[in-house]
Amino acid sequence: MEKLRAIPQRAPVRSMLVGALAALALAGPAVAQDKPKAEVMHWWTSGGEAAAVKVFADQYTKAGGIWVDSAVAGGQAARSAAINRIVGGNPPTASQFNTGKQFDDLVSQGLLNTVDQVAEEGKWKSFLPPSFIEAASREGHMYAVPVNVHGQNWAFYSKEVLDKSGVTAVPTNWDDFFVALDKIKAAGFTPLAQGGEPWQERLLFNVVLQSVSKDTFMRLYAKNDATAIDTPEFKKSVEIFGKLRAYTDAGSPGRNWNDTTALLITNKAGVQFMGDWAKGEFKAANKEAGKDFYCQIGIDDKELVIGGDVFVFPKTTDAAQVKAQNLLASTMLSPETQVLFNIQKGSMPVRTDVDASKFDLCAQKGMKLLADPAHQTPVIDMLASADLVGALEDVITNFWNNKSQTPDEFTAKFADALKSAQ
Ligand code: GAL
């Protein structure tokens, strides 16, 4: 065993150092305890999403907070985990939901703090779109911090696959779209990159439905109007959706959205309909819009289906937690964070007053439609209850995965699901 060495005569310096270290150690935790500490639950686990949530974490740290990351893969799983924690009395500081009705029950059970005060102090009404303030508000109080605007009806095309398939232009109607799919198939590529989860199949169905008829989309989801089902527009949408089933690959069932986007990034598939969070994956792979991939809004660049993400703050009377919540809200909505986070996330800033010049051509295209209410449709989550969305997803995924089911059988089941939620 090594012989302990005598402490050199510079003991006074050493003892000062030891004393200083001891004081720091004592103060250290106290200093840490003074910092607002936020446990944040979310489902951002893909490469692009993780890079984006790191922006939030870094900005929060820079603002003097301590970010404790609680990621749960998958939106449905994350929301269920958060609700269980909140209802169970062991809530995180904040938790992600989609902009819309998913956290209605938490509000009605009095389980969320409002963000009225920080919204007032931050003058949110001067820069948030009224529709996003409304989507976060219940009975005159704001219960969520909107953090972005995601378009949910983007089409992403691999430039290389289109070029190699002889598709010379991005199609702008469904007839030309199927001609392009046939060319891509003939060239040996996967035509439609589709992830095999109910929410992804529901997203695709709603892209088709909204493109065929915004009116039918709104009658069904905003008004629960079952008579909209017995219309030529709904019938045409189901036919298009049913036809798309033949253009996916064997790996589609069960595949998550970001592994599906990877098929485009590696030029194995032609096109994916997905929210613009997929852009975060292209960015993480250093792929450039217009050079490596094309982005189209819906089928014809005319109408943006807009949604997004919010964070809610579980009710707490712990002053330190309320301080941590307020710092989260103000950090997430700061102009600097809004630019840095949304560029990484692939979404558009929810603040209408930030410098948009640093965003890519896809986001610039989206922001033009975002500025014009006549060219926007709210996502289903902003219009229909989580229960109805779930019931419709069950019907849609059953039709998508059961090639023998006819459009008429699907239509009857869709009508039953809509009526069950009335
Ligand atoms: C959406 C969410 C996006 C992205 C996507 C896929 O609901 O708004 O931010 O996370 O899920 O996970």
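These legends accompany close-up views of a predicted model. Local features need pLDDT of at least 70, side-chain atom pairs count only at pLDDT 80 or more, and totals for chains, interfaces and linings use all residues. Residues are numbered from 1 along each chain as its sequence is written, and side-chain values use heavy atoms, with hydrogens and water left out.

**View 1**

**View 2. The largest nonpolar core.** This core has 121 residues. A nonpolar core is a set of buried Ala, Val, Leu, Ile, Met, Phe, Trp, Tyr and Cys residues joined through side-chain atoms within 4.5 Å. Buried means under 20% relative accessible area, exposed over 50%, and partly exposed in between (1.4 Å probe, protein chains only). F103, W124, F205, Y221, L244 and F414 have the most contacts inside the core. Helix α18 (residues 386–401) gives the most to it, with 7 residues. Helices (H or I, at least four residues) and strands (E, at least two) are DSSP runs, numbered from the N terminus. Domain 1 and domain 2 both give residues to this core, so it lies between them.

**View 3. The surroundings of W124.** Neighbours within four places in sequence are left aside here. W124 is in contact (heavy atoms within 4.5 Å) with V115, V118, A119, I133, M142, A144, V145, A329 and L333.

**View 4. The interface between the domains.** Here 31 residues of domain 1 are in contact with 29 residues of domain 2. The buried area is about 2300 Å², with 63% from carbon and sulfur atoms. Buried area is the accessible area (1.4 Å probe) that two parts lose on being put together, summed over both. The domains share 2 salt bridges, each a side-chain nitrogen of Lys or Arg within 4 Å of a carboxyl oxygen of Asp or Glu. On the domain 1 side, α2 (47–62), α6 (130–135), α15 (335–345) and α16 (361–370) each supply at least two residues that touch domain 2. The largest share of that side, 7 residues, comes from α16.

**View 5. The salt bridge of K365 and D301.** K365 forms a salt bridge with D301. Their closest N and O atoms are 3.1 Å apart.

**View 6. The loop at D372.** D372 lies between α16 and β14 (376–378). This residue is partly exposed, with a relative accessible area of 29%. D372 and Q96 are 276 residues apart in sequence. In space, 27 Å separate D372 and Q96, C-alpha to C-alpha.

Key
Domains from an automatic or database assignment.
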